[in-house]
Amino acid sequence: MTRTRHGDAGAGLLFLTPWLLGMLLLTIGPMLASLYLSFTDYNLFDAPEWIGLENYRRMFDDPRYLQSVRVTGGYVALAVPLKMLAALGVALLLNQPRRGQGLYRSAFYAPSLIGASVSLSLVWKSIFSDGAIVDRGLGAIGLHTGGWVGRPQWSLPMLVLLAAWQFGGPMVIFLAGLKQIPAELYEAAAVDGAGPWRRFRAVTLPMLSPVIFFNLLLEIIGAFQVFTSAFVIATGVGGGGGPAGSTLVYTVYLYDKGFSDFRMGYASAMAWMLVLGVGLITALLFRTSRVWVHYAGEKP
Amino acid sequence: MTSGGKAAAKRLLWHAGAILLLVVVLYPVFWMISSSFKDSRSIIGDLDLLPAPPTTRNYATAAEGVGGISVWRLFGNSLLLAVVSVAGTVISSAPAAYAFARVRFRGRGALFALMISTLLLPFHVLIIPQYIVFQRLDLIDTYVPLLVGKFLAVEAFFVFLLVQFMRTLPHELDESATIDGAGHARIFWNIVLPLSRPALITTSIFTFIWTWNDFFGPLIYLSTPDTYPLPLALQLYIDQTEATDYGALIAMSMLALLPVLLFFLVFQRFLIEGVSTSGIKG
């Protein structure tokens, strides 16, 4: 009794030992090391040579780097909103007391489990190739795009759709959030004469805003780190970055620099720029959340 | 129309809409299953969902594997990695979660915040020094770099999931156990761990699926095809055979997803629960 009341550092640290070791050896240590390496020229075989901010300066003169930033920016800007809208839309559809609701929820969730695999990337590539279903289907309604795989203007949208296809994860979280909204709020709104759209705007959206914020944060951070689909789909199509570099996402270029060219210093600097970029967007999101996220107890 | 009839019509419309949407969303999965039974040459252009006539030849070719390595060997590699990862994750994450959820000590809040912050950290900032260290230790092209982190609870999501669950267990349980003279080790082992079974199952399934699907780790650390897990072997196969045998490629993709699909069918309740309560994505 006394031990749990007054604190028990010995037991706490003992239980935490594996985690603490991991934290020090596999997280904090490597973070410091990569920060140091980012200021050096290092090829894995010769000793690292200190070059100050040179790696960071070089990025801005590196057309492939700038291309990877543009591609990733476009990917995040398209994939995140599309995935969030799909997740919210289907969650709203499913959030009704209907028979089989749980079954539908599971079925819509399935793509989230398999979508990031090599297998699915391959399937995606197949259904978007010349003469396959997407090409023929769009052709039938007068949109002659051809296959999307080898075409620079369509290869990124193809990856975006693969990301959006995995909307099941955020959808399940939205559904859990929707269930928390008290029915009285809708009843009160209905008594006040609010139609479905007004009820959605005045009750659902504000009550759901913490969940929207949470999903948005995780989806943005995840989207910046997309790798497998871009890597697999680009195999055999225009080298590492897809046709005309159109799918050269940040992590694929980082992989090329670090693990094909063994430019470890440059790749470390790239990794830190990614942390900086993601950190900045996270901070910005937290900043704006004061305006649009409502927590329980506050007035919507 | 009576109001009952109207409600029935609405219900029918809702189901029709949901099913239609589901068919569109799951089309790629149907496509994969059906294509794996089609004649290899006609897969891309053939829009029929039913293979006519169905053939198992693709699976026979896929079973021969890649570059002389049988598919069973690759399957075994994947299974070994996934099973050891599950064991490591559970063994290391459960005690850590217990400390965060049930032991009071100075600095717990700060350490917990540290753990949460690693959830948001892009792991790319860690892989280069990790790679260098494993290279110095001569551990490249072994499974050690892929597994060691699992035994050190580096996947903060699972620690978080378990903490969330353990916090909900009633405190009276450990208080009365303490009065009976039980220490933390016994409370953890005899009370908290058995009661945390649902969360431990969720953790295990997600660890299994994530490890099974992992591509980046094996890609940077493994170079001998003998040791490849399925996704990496599949990528090698794409490189080598895309033009020649498309059907076998799809069949092998199917084999690589089979355990994940089975796990999903059996454990979907645990998976959905885990996502709802912790925000873990698949």
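This is a predicted model: local features need pLDDT of at least 70, side-chain atom pairs count only at pLDDT 80 or more; totals for chains, interfaces and linings use all residues.
B:Asp138 sits in the loop that links helix 5 (124-136) to helix 6 (144-147) of chain B. Its phi is near 65 degrees, a positive value in a residue other than glycine. Most residues other than glycine have a negative phi.

A:Leu44 is another non-glycine residue with a positive phi, about 80 degrees. It lies in the loop between strand 1 (40-41) and strand 2 (49-50) of chain A. Is A:Leu44 buried, exposed or partly exposed? The count is 15 other C-beta atoms within 10 Å, so A:Leu44 is partly exposed. Buried would take 20 or more.

## Chain A in outline

Chain A holds 14 helices and two strands. Its C-alpha trace spans about 75 × 75 × 35 Å along the principal axes. The chain has 300 residues, and 42% of them are buried.

## The largest nonpolar core

The largest nonpolar core has 152 residues. Which residues have the most contacts inside it? From chain A they are A:Tyr75 and A:Met171. From chain B they are B:Ala97, B:Tyr98, B:Val159 and B:Leu162. Helix 13 (residues 246-278) of chain B gives the most to this core, with 14 residues. Both domain 1 (3-60) and domain 2 (66-278) of chain B supply at least three residues each. In soluble globular proteins, nonpolar side chains tend to be buried together.

A:Tyr75 shows what such a position touches. Neighbours within four places in sequence are set aside here. A:Tyr75 is then in contact with A:Leu156, A:Leu159, A:Val160, A:Ala223, A:Val226 and A:Val249.

## Helix 7 against helix 10 in chain B

Helix 7 (residues 156-167) and helix 10 (residues 197-213) of chain B have axes that come within 9 Å. These axes cross at roughly 165 degrees. Helix 7 of chain B is therefore roughly antiparallel to helix 10 of chain B, as angles over 145 degrees count that way. The crossing of the two helices is right-handed.

Which residues of helix 7 of chain B meet helix 10 of chain B? They are B:Phe158, B:Leu161, B:Leu162 and B:Phe165. On helix 10 of chain B, the residues they meet are B:Ala199, B:Thr202, B:Thr203 and B:Thr207.

Key. Residues are numbered from 1 along each chain as its sequence is written. Chains are lettered from A and ligands numbered from 1 in the order in which they are written. A nonpolar core is a set of buried Ala, Val, Leu, Ile, Met, Phe, Trp, Tyr and Cys residues joined through C-beta atoms within 7 Å. A residue is buried if 20 or more other C-beta atoms lie within 10 Å of its own, exposed if 12 or fewer, and partly exposed in between; C-beta atoms are placed from the backbone. Helices (H or I, at least four residues) and strands (E, at least two) are DSSP runs, numbered from the N terminus. Domain bounds come from an automatic or database domain assignment. Two residues are in contact if their C-beta atoms, placed from the backbone, lie within 7 Å. Axes are lines fitted to C-alpha atoms, for helices over the stretch in contact, and angles run from 0 to 180 degrees between N-to-C directions. Angles under 35 degrees count as roughly parallel, over 145 as roughly antiparallel, 65 to 115 as roughly perpendicular and the rest as oblique. A crossing is left-handed if the near helix is turned anticlockwise from the far one by less than a right angle, and right-handed if clockwise.
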